[in-house]
Number of protein chains: 4
Amino acid sequence: MSSMPDSTHLSDSVADRVRRSFDAQSMMKTLGASLEHLAPGTCRITAPILPGSRQQQGFAHAALTFALGDSASGYAALTLMPDDSEVVTTEMKINLLAPAQGDRLVAEGRVIKPGRRLLVTQATVWAEAGGERRQVAVLLGSMMPVPL
Amino acid sequence: MSSMPDSTHLSDSVADRVRRSFDAQSMMKTLGASLEHLAPGTCRITAPILPGSRQQQGFAHAALTFALGDSASGYAALTLMPDDSEVVTTEMKINLLAPAQGDRLVAEGRVIKPGRRLLVTQATVWAEAGGERRQVAVLLGSMMPVPL
Amino acid sequence: MSSMPDSTHLSDSVADRVRRSFDAQSMMKTLGASLEHLAPGTCRITAPILPGSRQQQGFAHAALTFALGDSASGYAALTLMPDDSEVVTTEMKINLLAPAQGDRLVAEGRVIKPGRRLLVTQATVWAEAGGERRQVAVLLGSMMPVPL
Amino acid sequence: MSSMPDSTHLSDSVADRVRRSFDAQSMMKTLGASLEHLAPGTCRITAPILPGSRQQQGFAHAALTFALGDSASGYAALTLMPDDSEVVTTEMKINLLAPAQGDRLVAEGRVIKPGRRLLVTQATVWAEAGGERRQVAVLLGSMMPVPL
């Protein structure tokens, strides 16, 4: 499920740690999400807009958009952590820019400020329909390292 | 699914409109969520922490916490809208206060500032374990009315 | 300037520490702000809407509203800290609810979740005109303890 | 005070409107702020860290950082508005990344999503000390057009 062909700049142990954590999140499976790309301080996660992930008008539910953007942010942060650490989201703000209409969502997260006590992250989420992609959300949040 | 025994202060047409919208969100079904209470400007939504709604440590995923808090906020706003309106979330911030550990989550949303162009909402989310409840998140966001 | 007649439930050393920190903020003097009330986990700060604190329509500038709400949040957190600690704001969101029109602003901050690594705070800001007060903003943020 | 040498891509009437609004904000004068650059959808505002703009450790007060970031966001939005419109901030989140230590602050705001009912903006704030600049904050917020 998590092929991650582009994780060449990450050590294998970091990539393994991120993939194990991702695969252990049952919510990611429920939403059909895949970890597509990892590099130091960045992460891309995608998911189809499944029949069970919709709001009342048939678009992707904001909870799906949030789930992907928040997870891409968290795993971007986790690539920068030592082996014995996890991260948890302490706060996350999402601005929804357009209806999340299409076939799938793509979320890219990156660390904009690393830190020993907090990492500040940003993520962008696009909806893809046909060959087109449209930005549907931006997220700005904080990740806190915690011992594994 | 949405029994809403306490919606006595809402007109039937408003309660029906909210319930129809809620029932049309496939994501709410995927998460097992129920609309438990509606009153003018407030809404309570609950969900069990299903096996498929978890993060890597087995607690409720932040996306579940967000989904319930955001939806409780939005439906609280919808109770104040005229019949020909929907609302959409334009932005939502969540502060996560504690691991969402337990059997189910309870989210209560309320409108703290109604308005013709934007409604500002706040929500609290608790995790229940045994008979105990613990606050796990607070959300502050904005809802925009849109024509149905 | 900081009379604080209601700080009866705080130890003198905590009240002194907060007052010293407040008095050392030249920005608070520039804005004419006063520390009006302190109790464990809460703080009230007020300021007149000075001629030099206005936006283009003559109302209080959002930076004044933010300054008071953020400071009331921070000092609410500081009342819960040990003697050798300060706090710094790591993030703060403000929702502006109405034009800040009137004679003065009143900001009340409180800690909604204490913690060793982060404290989550909420603040409300009102504008007073004549004898009336109107809520103009709500803030939700995070404070991080730092060694003094 | 607002020389704006780089506003070549803006019509004179838009540049004039922004400058008039900026000059009418007494808070900007109190903080010593200057409108340095305007282009469609972007704005740069700077201010010295005046003796009266400091927090208890002598760094720039978060209210100064917020004031510049929020104003740069708002004026970035105003460049995209028709002549008979103003904008007001409806919500703004700031993440503070580092102590704002130095001689002056530089804030750059830009519109990341224009819209008829809301514009979503982002701003970055740097502190300059000697010839060095360090990012001290990022802001993500919403602006609402209002009739002049």
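Biologist: Which residue takes a positive phi in the hairpin of E1(D) and E2(D)?

Modeller: Gly41(D) does, with a phi near 85°, in a hairpin that has two residues between its strands. This is a predicted model, in which local features need pLDDT of at least 70, side-chain atom pairs count only at pLDDT 80 or more, and totals for chains, interfaces and linings use all residues. Residues are numbered from 1 along each chain as its sequence is written, chains are lettered from A and ligands numbered from 1 in the order in which they are written, and side-chain values use heavy atoms, with hydrogens and water left out.

Biologist: Why are E1(D) and E2(D) called paired?

Modeller: Two strands pair if DSSP finds at least two bridges between them. Leu35(D), for instance, has Ile45(D) of E2(D) as its bridge partner. The labels themselves denote DSSP runs, numbered from the N terminus: helices (H or I) have at least four residues and strands (E) at least two.

Biologist: What other strand of chain D pairs with E2(D)?

Modeller: E2(D) also pairs with strand E4 (residues 104–113) of chain D, in the antiparallel sense, over seven bridges. There, Ala47(D) stands opposite Leu105(D).

Biologist: Which strands of chain A and chain B pair with each other?

Modeller: Strand E3 (residues 85–96) of chain A and E3(B) pair in the antiparallel sense, over five bridges. Ile94(A) stands opposite Met92(B) in this pairing.

Biologist: What makes a residue part of the contact between chain B and chain A, and how many residues take part?

Modeller: Contact means heavy atoms within 4.5 Å; by that rule, 32 residues of chain B touch 32 residues of chain A. About 2600 Å² is buried between the two chains, and carbon and sulfur atoms give 57% of this. Buried area is the accessible area (1.4 Å probe) that two parts lose on being put together, summed over both. On the side of chain B, Met27(B), Gln56(B) and His61(B) lose the most area to chain A, together 24% of what that side buries.

Biologist: How many salt bridges and how many polar contacts are counted between chain B and chain A?

Modeller: A salt bridge requires a side-chain nitrogen of Lys or Arg within 4 Å of a carboxyl oxygen of Asp or Glu, and the count is zero. A polar contact is a pair of N or O atoms within 3.5 Å; within protein, one must be able to donate a hydrogen and the other to accept it, and residues adjacent in sequence count only if both atoms are side-chain atoms. The count is 21 residue pairs in polar contact, both residues being at pLDDT 80 or more. The elements that give two or more residues to this side of chain B are helix H2 (26–30), helix H3 (62–78) and strand E3 (85–96), and E3(B) provides the largest share, nine residues.

Biologist: How many residues does each side give to the contact of chain B and chain D?

Modeller: Nine residues come from chain B and nine from chain D. The buried area is about 690 Å², with 61% from carbon and sulfur atoms.
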